[in-house]
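Reader: I am new to this structure. Please take me through it in short questions and answers.

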Amino acid sequence: MKARLTYVPIEVADQFEDFIIKRGEQVLDAIKARTRDYSTLSLLKLLYQLKSTPMTFSDLYSKSKIRMKRSFLNYLHLCVDYNFVKKEAVGPNVIYTITDKGRVMLNLFIQKSN
């Protein structure tokens, strides 16, 4: 599997150290990192942002650090389709919330060294 360069929120990088081959420079609240298993890490970035609080689409997009909107949409739809995340219309916004199944998925990968 080819390693990919991506931005990872610092807190996510600390939790999922196994996915990071090499840490690069810090850019605001993320690090530039060479990673392995990019797709799994992208799913985990989404789920990790939702673990503590529901978010709007815009907040989730900016905090996940998935920079290409099309990729973000693909991963978000995958999470919704597999019932890791549920979406709910609240007024003019759509709110995304992690489901129990999403928490189980996230907890499978969180390092137990905490």
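Reader: Where is Asn 83 placed?
Author: The model is predicted. Asn 83 has a phi near 60 degrees, a positive value in a residue other than glycine. Most residues other than glycine have a negative phi. The place of Asn 83 is in the loop between α4 and β5.

Reader: Is Asn 83 buried, partly exposed or exposed?
Author: Buried would need under 20% relative accessible area, and exposed over 50%. Asn 83 has 41%, so the class is partly exposed.

Reader: Which salt bridge does a search of the whole structure find?
Author: The search finds 1 salt bridge. Side chains of opposite charge can pair when their charged atoms come close. Here the N to O distance is 3.0 Å, and the side chains that meet are those of Asp 29 and Lys 65.

Reader: How many residues apart in sequence are the parts that this pair ties together?
Author: Asp 29 lies in the loop between β2 (20-27) and β3 (30-35). Lys 65 lies in the loop between α3 and α4. The pair therefore ties together parts whose separation in sequence is 36 residues.

Reader: What is the relative accessible area of Asp 29?
Author: Asp 29 is one partner in the salt bridge with Lys 65. Asp 29 counts as partly exposed, because its relative accessible area is 45%.

Reader: What is the phi of Lys 65?
Author: Lys 65 sits in the loop between α3 and α4. Its phi is positive, in a residue other than glycine, with a value near 65 degrees.

Reader: Are α3 and α4 roughly parallel or roughly perpendicular?
Author: Helix α3 covers residues 57-64 and helix α4 residues 69-81. Their axes come within 11 Å and cross at roughly 110 degrees. Angles of 65 to 115 degrees count as roughly perpendicular. So α3 to α4 is roughly perpendicular.

Reader: Which residues of α4 make the contact with α3?
Author: On the α3 side are Phe 57, Leu 60, Tyr 61 and Ser 64. The residues of this contact divide into 6 nonpolar, 1 polar and 1 charged. On the α4 side are Lys 69, Phe 72, Leu 73 and Leu 76.

Reader: How is α2 set against α4, roughly parallel or roughly perpendicular?
Author: The axes of α2 and α4 come within 10 Å. They cross at roughly 70 degrees. That angle makes α2, relative to α4, roughly perpendicular.

Reader: How many charged residues does the contact of α2 with α4 have?
Author: From α2 come Tyr 38, Ser 39, Ser 42, Leu 43, Leu 46 and Leu 47. From α4 come Phe 72, Tyr 75, Leu 76, Leu 78 and Cys 79. By class, 9 are nonpolar and 2 polar, and the number of charged residues is none.

Reader: Is Ser 42 buried or exposed?
Author: Ser 42 lies in helix α2 (residues 38-50). Leaving out residues up to four places away in sequence, it touches Ile 66 and Tyr 75. Its relative accessibility is 0%, so Ser 42 counts as buried.

Reader: How is α2 set against α3, roughly antiparallel or oblique?
Author: The two helices pack with their axes 9 Å apart, at an angle of about 125 degrees. Over 145 degrees would count as roughly antiparallel. So α2 to α3 is oblique.

Reader: Which residues in α3 meet α2?
Author: The crossing of α2 and α3 is right-handed. In α2, the residues are Lys 45, Leu 46, Gln 49 and Leu 50. In α3, they are Leu 60, Lys 63 and Ser 64.

Reader: What separates the C-alpha atoms of Phe 19 and Ser 42?
Author: Phe 19 is found in the loop between α1 (10-15) and β2. With a relative accessible area of 9%, it is buried. Along the chain, Phe 19 and Ser 42 are 23 residues apart. Their C-alpha atoms are separated by 10 Å.

Reader: How far is Lys 86 from Gly 102 in space?
Author: Lys 86 is in strand β5 (residues 85-90). It is partly exposed, at 43% relative accessible area. In sequence, Lys 86 and Gly 102 are 16 residues apart. C-alpha to C-alpha, the distance is 9.4 Å.

Technical notes
Residues are numbered from 1 along each chain as its sequence is written. This is a predicted model: local features need pLDDT of at least 70, side-chain atom pairs count only at pLDDT 80 or more; totals for chains, interfaces and linings use all residues. Side-chain values use heavy atoms; hydrogens and water are left out. Axes are lines fitted to C-alpha atoms, for helices over the stretch in contact, and angles run from 0 to 180 degrees between N-to-C directions. Helices (H or I, at least four residues) and strands (E, at least two) are DSSP runs, numbered from the N terminus. Angles under 35 degrees count as roughly parallel, over 145 as roughly antiparallel, 65 to 115 as roughly perpendicular and the rest as oblique. Contact means heavy atoms within 4.5 Å. Ala, Val, Leu, Ile, Met, Phe, Trp, Tyr, Cys and Pro count as nonpolar, Asp, Glu, Lys and Arg as charged, and the others, Gly among them, as polar. Buried means under 20% relative accessible area, exposed over 50%, partly exposed in between (1.4 Å probe, protein chains only). A salt bridge is a side-chain nitrogen of Lys or Arg within 4 Å of a carboxyl oxygen of Asp or Glu. A crossing is left-handed if the near helix is turned anticlockwise from the far one by less than a right angle, and right-handed if clockwise.
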